[in-house]
Amino acid sequence: SRRVSLLSVLDPETARVHPGAARAARVPWMRNLKAEVARIRADVMRDNEAGLRTRFMFIYVGHGNVDTRGEGYINLQDSRLGRGQLFKDVIDAVPAGVIHLIIDACKSFFLVSRGPDQWQDDRAGRSYGAEIRAFLAQDTLRARPHVGAILSTSGDEEVHEWSALRSGVFSHQLRSALSGGADINGDGRVEYSEVGAFIAAANHRVTHQRA
């Protein structure tokens with residue numbers, strides 16, 4: 001990629017192992033995230049105008065949870081980034097032809113979906129069909145076919161780290177998949193279906209979640 005932005009606070013050991021990342025990293029404050037998204041947006045718009053194919057990848061590895069309203073969020077250094085703000089200020093802000101969203105956090109499912117138990121019928125005089133269309137047009141992926149998502153959870157679940165891997169277990173498995181381990185047909189491309197199959201196979205025999 002021509003532009004890679006890294007927002008992270010690296011611990012001393014990570015900074016020693018990855019000095020280049022340590023030099024490039026900016027503190028993941030909300031203002032820094034918005035500034036990086038604005039710069040990426042400008043680059044993508046220029047490439048779109050030049051007739052180039054554009055792709056944008058947003059990766060988050062860290063802590064996540066669900067608030068009292070059932071909205072998923074992830075933690076920045078100074079604030080939370082909720083589902084609605086993620087769609088408004090990140091996904092919809094970058095007009096790329098294809099967007100890849102990767103989230104490794106507890107309860108990451110709720111960052112892109114309300115879930116079946118989160119629907120509230122507030123019809124306000126409109127028809128049920130109109131309410132459904134309005135719901136789907138808001139902060140979900142269904143109205144955005146150009147956005148693909150790889151999430152560490154499929155519901156109200158936690159994710160785990162492992163010191164032997166120096167990372168989250170899901171992130172390690174995903175890196176293995178994207179490094180070529182998931183390229184089942186050997187065509188040099190890793191598709192979403194191949195990633196899904198790889199992750200499923202890697203965890204198929206794990207019977208205890210904390211293992």
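Tutor: A salt bridge here is a side-chain nitrogen of Lys or Arg within 4 Å of a carboxyl oxygen of Asp or Glu. The model is predicted.

Student: Which residue forms a salt bridge with Arg26?

Tutor: Arg26 lies in the loop between helix H2 (19-24) and H3. The partner is in helix H3, so the pair ties together parts 10 residues apart in sequence. The closest N and O atoms are 2.6 Å apart, and the partner is Glu36.

Student: What is the relative accessible area of Glu36?

Tutor: Arg26 counts as partly exposed, at 30% relative accessibility. Glu36 is buried, with a relative accessible area of 9%.

Student: Which residues does the network with Arg26 and Glu36 join?

Tutor: By the 4 Å rule, the count comes to 11 salt bridges. Some share partners and form one network. Its members are Arg3, Arg26, Glu36, Arg39, Asp43 and Arg46.

Student: How many residues apart are Arg144 and Asp92?

Tutor: The side chains of Arg144 and Asp92 meet in a salt bridge at 2.8 Å, N to O. Arg144 is in the loop between helix H5 (128-136) and E6, and Asp92 is in the loop between H4 and E5. The pair links distant parts of the chain, 52 residues apart.

Student: Is Asp92 buried or partly exposed?

Tutor: Arg144 counts as buried, at 9% relative accessibility. Asp92 has 40% relative accessibility. That value lies between 20% and 50%, so Asp92 counts as partly exposed.

Student: Which word describes how H3 sits against H4?

Tutor: Helix H3 (residues 30-49) and helix H4 (residues 83-91) pack with their axes 10 Å apart. The angle is about 40°. Roughly parallel needs under 35 degrees and roughly perpendicular starts at 65, so H3 is oblique to H4.

Student: How many residues of the contact of H3 with H4 are nonpolar?

Tutor: Met30, Leu33, Lys34 and Val37 in H3 meet Gln85, Asp89 and Val90 in H4. Of these contact residues, 1 is polar and 2 are charged. The nonpolar count is 4.

Student: Which residues does Gln85 contact, leaving aside neighbours within four places in sequence?

Tutor: Gln85 lies in helix H4. Gln85 is partly exposed, with a relative accessible area of 26%. Its contacts beyond those neighbours are Met30, Lys34, Arg80 and Val90.

Student: Which strands stand at the edges of the open sheet?

Tutor: The open sheet has 3 strands, in the order E1-E5-E6, with parallel pairing. An edge strand has a single partner strand, so one side is left without a neighbour in the sheet. The edges are strand E1 (55-61) and strand E6 (147-151).

Student: What is the bridge partner of Ile102 in E6?

Tutor: Strand E5 (residues 98-104) and E6 run parallel, joined by 5 bridges. In E6, the partner of Ile102 is Ile150.

How values were computed:
Residues numbered from 1 in each chain as written. Predicted model: local features only at pLDDT ≥ 70, side-chain atom pairs only at ≥ 80, totals over all residues. Heavy atoms only, no water. Axes fitted to C-alpha atoms, helices over the stretch in contact; angles between N-to-C directions. Helix = DSSP H or I, 4+ residues; strand = E, 2+ residues; numbered from the N terminus. Parallel < 35°, antiparallel > 145°, perpendicular 65-115°, else oblique. Contact = heavy atoms within 4.5 Å. Nonpolar A, V, L, I, M, F, W, Y, C, P; charged D, E, K, R; others polar. Pairing = 2+ DSSP bridges. Buried < 20%, exposed > 50% of the residue type's maximum accessible area, 1.4 Å probe, protein only.
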